[in-house]
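Please read it alongside the sequence and the coordinates.

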Amino acid sequence: MAFALPTLAYSHSALAERGMCQETLDLHYGKHHQSYVTALNGFVEKDASLQGKSLEEIIKAVTGKADKVGVFNNAGQHWNHSLFWESCSPKGGTLPGKLEKKIIEDFGSVAAFKDAFKAAATSQFGSGWAWLVLAPSGKLAITKTSNADNPIANGAGKALLTCDVWEHAYYVDFRNRRPDFVTNWLDKIANYEFAESRLG
Ligand code: MN3
């Protein structure tokens with residue numbers, strides 16, 4: 001079965017008051033994310049070795065393979081964006097208790113967690129992603145990846161939350177001010193309830 005855009009839990013205008021306008025969602029979800037899904041389906045159609053595999057299985061199968069870079073980029077981007085949409089919420093920004101306790105245990109304070117996340121997101125040179133992961137050690141960690149790379153491919157841990165820092169994620173709302181986009185995202189959009197649900 002062909003891959004498809006995930007259904008969003010909110011309308012394209014639902015995040016507007018929180019700093020991500022409808023135009024951003026129309027373009028980012030409707031055009032950018034769709035183009036990755038369309039390209040991925042094109043690769044799968046032509047490559048029997050990819051058929052019948054889940055998205056995660058495809059990412060693992062093609063990671064590091066020079067002749068499958070196109071598959072990796074589009075599969076990774078489909079997975080990353082699907083997690084990003086779940087990492088956003090019109091009720092975002094509020095930390096639930098269990099995650100807050102774990103963040104304080106592992107980062108020292110909520111402010112230190114946000115500072116570390118912002119540092120990763122703003123120091124990612126060019127296109128990429130910032131992540132909150134549950135590392136194999138059992139501790140929370142912040143990581144960043146380039147382009148379509150992600151924690152499935154690099155083994156950094158279980159992804160709990162991600163922020164897209166490609167320019168298309170913030171240029172309509174924040175122009176070139178990536179730090180302002182990330183600060184606003186952490187404070188008003190990040191779906192910490194979703195992140196907590198993935199803690200297990
Ligand atoms: Mn994007």
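How are the donor residues of the manganese ion spaced in sequence? The spacing is H-x52-H-x82-D-x3-H, where donors are N, O and S atoms within 2.8 Å of the metal (3.2 Å for Na, K and Ca), and because water is not among the atoms, sites may look incomplete. This is a predicted model, in which local features need pLDDT of at least 70 and side-chain atom pairs count only at pLDDT 80 or more, while totals for chains, interfaces and linings use all residues. Residues are numbered from 1 along each chain as its sequence is written, and side-chain values use heavy atoms, without hydrogens and water.

The protein donors, lying 1.9 to 2.1 Å from the manganese ion, are His28 (NE2), His81 (NE2), Asp164 (OD) and His168 (NE2). Two of them, histidine 28 in helix H1 (residues 22-46) and aspartate 164 in strand E3 (residues 158-164), are 136 residues apart and link distant parts of the chain; helices (H or I, at least four residues) and strands (E, at least two) are DSSP runs, numbered from the N terminus. Both are buried, meaning under 20% relative accessible area (1.4 Å probe, protein chains only), as tabulated here.

| Residue | Relative accessible area |
|---|---|
| Histidine 28 | 1% |
| Aspartate 164 | 0% |

Buried residues make up 48% of the 200 residues in the protein chain. In helix H9 (residues 192-199), the buried residues include Tyr192, Phe194 and Leu199, and just after H9 glycine 200 takes a positive phi of about 85°. The protein chain as a whole has nine helices and three strands, in the order α-α-α-α-α-β-β-α-β-α-α-α.

Terms used:
Buried < 20%, exposed > 50% of the residue type's maximum accessible area, 1.4 Å probe, protein only.
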